[in-house]
Amino acid sequence: MSLQSRIQSGRPDERGDDEAREYGGGPAASQPMVADPYADLKSRIHHEIITKIGSRLFAGPGGDGELAEKVGEAVAEALAIDKTPLTRQERAQVTREIADDILGYGPLEPFLRDDTISEIMVNSAHTIFIERRGKITRSSAAFVDDQHLLRIIDKIISRVGRRVDEGSPMVDARLPDGSRVNAIIPPLAVKGPTLTIRKFRKDPFTMEDLLKFGTLTPKAGQFLEACVRGKLNILISGGTGSGKTTTLNVLSSAIPSDERIITVEDAAELQLRQEHVITLETRPANVEGKGQVTIRDLVRNTLRMRPDRIIVGECRGPETVDMLQAMNTGHDGSLTTAHANTPRDALARIETLVLTAGIDLPLRAIREQASSAFDLIVQVSRLVDGSRRITHVTEVLRMESDVVTLQDIFLAKPVETESEARSTGNRLLGPLTPTGIKPDCLDKLASNGVNLPTTFFQTDADRPAVATGAFGRQIAS
Ligand SMILES: Nc1ncnc2c1ncn2[C@@H]1O[C@H](COP(=O)(O)OP(=O)(O)OP(=O)(O)O)[C@@H](O)[C@H]1O
Ligand SMILES: [Mg+2]
């Protein structure tokens, strides 16, 4: 017999079949989920405790230890009065979960503690999805109701001095631990409050990690590292959550430590290892609608800060114009990301973003600026199996008539046959290998002191790949 039915019938320890609850109902029942057998009990006790000591719960920092003790006592007392039969283990679990609700971030606590979870998506009080190792699954955890979820959202957001209410129903914030949070509540979110948390990795991915995951090949890694050292302007393109920021962070680590790096982001996510780094972050408007500082303002400001490298977390608005101008006026080695699904789309996206600045330039002129600004586009994708892959390393050449010429230097081709799939470890894409084209940017790299042998770009059929261990060392000619 399931715990839930035991709770309902009040009789302990009768055996029965609990499969029925394994696939709970609810509005999104198409996804299998495990119903929480303690939900009723927890909700009852939670409400009782809120009524009893509620006014002191959200009073802010200070006295946490004392409060934790009080909550522990109150839960124990309420469980004793509530005659639900529970084993000692169940009692401990229920007590911990109620305390998490009241003192921490409720049902989100275990996800926040779990380092294997990278993203938490609360679609509504009863629908929580999590991403673990690239895979998104629905969790059995749930909030008691919308009010409960709202209280937790409020608690998260107020820690960083922000608020969410009907007047400002949409908030983007970075928590003190670096996690990125977005909350949007009714009336904008029609089905109830919604919360998305991109958890901060205490230990950011390195090139070695990406090589291990098969995101790219050692040879492509060597090439990209050489391009960063050799001051190419690089655009990382990809869809939402495809790994743009992670790739940007990894590539940035190849910037020599004697260069002055300035990063500009909406929410500071990049974690550069170099010493000479200045991190700038935008500021939203205050309640009176004043004091906003945009990415564009910051990019313009960086130009007066004598940067060797400008890294913009994402180009998503008029700042793109300033970024292009910076790149075209001697700030080589700049890196940024944009939202697009192919290298060609990425260029089209840049054009559209330039138009958002309201500048009155013919499209051809904008296209020309974009093509001379960027040297390389790195395309990242999240595949259906949850893995993140670099699919293209594409060189941006000059314009021919009205079209910018692009040439793929490295490419990961889709796997077509079963034997091919087996040989690539059942991956959906083959490895990121050279296409055999010798890039035009070799001259620019050479003028910045980075020399790559032309044989480097021979395809694997012509020459064996460079060993993993060689990554990061000077490339021999
Ligand atoms: N190469 C990779 N292999 C495995 N996981 C990755 C890889 N790159 C990124 N991730 C994971 O994918 C998630 C999204 O990564 P990231 O923040 O870099 O994406 P993004 O494209 O910048 O997203 P957004 O569009 O929201 O800014 C993170 O949890 C990150 O840890
Ligand atoms: Mg990002």
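**Figure 1. The surroundings of ligand 1 in the predicted model.** In this view, a polar side-chain atom of T215 lies 2.8 Å from a nitrogen atom of ligand 1. This is a predicted model, in which local features need pLDDT of at least 70, side-chain atom pairs count only at pLDDT 80 or more, and totals for chains, interfaces and linings use all residues; side-chain values use heavy atoms, with hydrogens and water left out. Residues are numbered from 1 along each chain as its sequence is written, while chains are lettered from A and ligands numbered from 1 in the order in which they are written. An N or O atom in the side chain of R180 is 3.0 Å from an oxygen atom of ligand 1, and a polar side-chain atom of R388 lies 3.2 Å from an oxygen atom of the ligand. A polar contact is a pair of N or O atoms within 3.5 Å; within protein, one must be able to donate a hydrogen and the other to accept it, and residues adjacent in sequence count only if both atoms are side-chain atoms. Ligand 1 is surrounded by 17 residues, the closest being R198, T215, K244, T245 and T246 (near: a heavy atom within 4 Å).

**Figure 2. The protein as a whole.** The secondary structure comes to 15 helices and 15 strands (DSSP runs numbered from the N terminus: helices are H or I with at least four residues, strands are E with at least two). Of the 477 residues, 48% are buried. Buried means under 20% relative accessible area, exposed over 50%, and partly exposed in between, with a 1.4 Å probe and protein chains only.

**Figure 3. T336 in strand β11.** T336 is placed in strand β11, residues 335-339. T336 counts as buried because its relative accessibility is 0%. Its side chain reaches the backbone oxygen of V312 at 2.9 Å. Leaving aside neighbours within four places in sequence, the contacts of T336 (heavy atoms within 4.5 Å) include I234, L248, E314, M323 and F374.

Figure 4. Eight of the ten residues of α11 are buried, so that the helix is mostly covered. Among the buried residues are E319, D322, L324 and M327. The elements covering them include α10 (295-302), β10 (309-312), β11, α12 (343-356) and α13 (363-373). G330 is in the loop between α11 (319-328) and β11, and this glycine takes a positive phi of about 95° just after α11. G330 counts as exposed because its relative accessibility is 61%. Although 43 residues apart in sequence, G330 and A373 are 9.8 Å apart in space, C-alpha to C-alpha.

**Figure 5. T194 in strand β6.** T194 belongs to strand β6, residues 194-198. The side chain of T194 reaches the backbone oxygen of G192 at 3.2 Å. T194 and M121 are separated by 73 residues in sequence and by 7.8 Å in space, C-alpha to C-alpha. Leaving aside neighbours within four places in sequence, T194 is in contact with residues including V122, N123, I153 and N182.

**Figure 6. The packing of helices α4 and α6.** Helix α4 (residues 88-103) packs with helix α6 (residues 146-158) at an angle of about 60°, their axes lying 9 Å apart. In α4, D101, I102 and L103 meet H148, I152 and K155 of α6. By class, this contact has three nonpolar, one polar and two charged residues.

Methods. Axes are lines fitted to C-alpha atoms, for helices over the stretch in contact, and angles run from 0 to 180 degrees between N-to-C directions. Ala, Val, Leu, Ile, Met, Phe, Trp, Tyr, Cys and Pro count as nonpolar, Asp, Glu, Lys and Arg as charged, and the others, Gly among them, as polar.
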